[in-house]
Amino acid sequence: MEAQVLAALHDASGPATAARVQEQLGGDLAYTTVMTILSRLHAKQAVTRERSGRAYVWTPAADEAGLAALRMRRVLDSEPDRDAVLTSFVSALSAHDEQLLRTLLDRATADGPATADGPAPAGGPATEPGTGRRH
């Protein structure tokens, strides 16, 4: 349901109210359900909200690629064995995707290493605090 709500927000011409999202979804979900989903997406930093009168208007926090990356990071952060997850992920990549990932990692390295105190370069992975290892 979160994906459907995000898709409705992406399809909107600008910030949308929960009622507008409900309408775009065909009215199949109760208004309170849409509000719950939007609140959960806000807690996950997948959407932003602004007051508009007594209601909020909601906007996706990033484009679809950025939201997919956010979901990937959350899954990775929730796993106790990051090395195993990343190893499995990389071993399943197509040759094209593997080359693309290598290119992006090389570009991130050329831009300068990320630090524990600052963000990773745009499009690049963060370093593991205290180790200098990328994850």
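Biologist: How much space lies in the second largest pocket?

Modeller: Rolling a probe the size of a water molecule over the atoms shows where empty space is left. In this predicted model, about 150 Å³ lies in the second largest pocket (an open set of points on a 1 Å grid over the protein atoms alone where a 1.4 Å probe fits, with protein on both sides within 12 Å along at least five of seven lines; lining residues have an atom within 4 Å of a point). The volume is the space filled by probe spheres set on the points, joined across faces, edges and corners.

Biologist: Which residues line the second largest pocket?

Modeller: E2, A3, L6, L41, K44, A46, L67, L70, R71 and R74 do. Helices α1 (2-11) and α4 each give two or more of them, and α4 has the largest share, with four residues (helices are DSSP runs of H or I, at least four residues, numbered from the N terminus). By class, that lining has six nonpolar, no polar and four charged residues (Asp, Glu, Lys and Arg are charged; Ala, Val, Leu, Ile, Met, Phe, Trp, Tyr, Cys and Pro nonpolar; the others, Gly among them, polar).

Biologist: At what angle do α1 and α3 pack?

Modeller: Two packed helices are described by the angle between their axes and the distance between the axes. For α1 and α3 (residues 31-43), that's about 85° and 10 Å, so they are roughly perpendicular (65 to 115 degrees). E2, V5, L6 and L9 in α1 meet I37, L38, R40 and L41 in α3 (heavy atoms within 4.5 Å). That contact divides into six nonpolar, no polar and two charged residues.

Biologist: And where do α4 and α5 meet?

Modeller: M72, L76 and D77 of α4 touch R82, V85, L86 and F89 of α5. Five of these residues are nonpolar, none polar and two charged.

Biologist: What is the mean pLDDT of the protein?

Modeller: The mean is 83, and 83% of residues reach 70 or more (pLDDT is the predictor's confidence in each residue, from 0 to 100). Over residues 115-135 pLDDT stays under 50.

Terms used
Residues are numbered from 1 along each chain as its sequence is written. This is a predicted model: local features need pLDDT of at least 70, side-chain atom pairs count only at pLDDT 80 or more; totals for chains, interfaces and linings use all residues. Side-chain values use heavy atoms; hydrogens and water are left out. Axes are lines fitted to C-alpha atoms, for helices over the stretch in contact, and angles run from 0 to 180 degrees between N-to-C directions. Angles under 35 degrees count as roughly parallel, over 145 as roughly antiparallel, 65 to 115 as roughly perpendicular and the rest as oblique.
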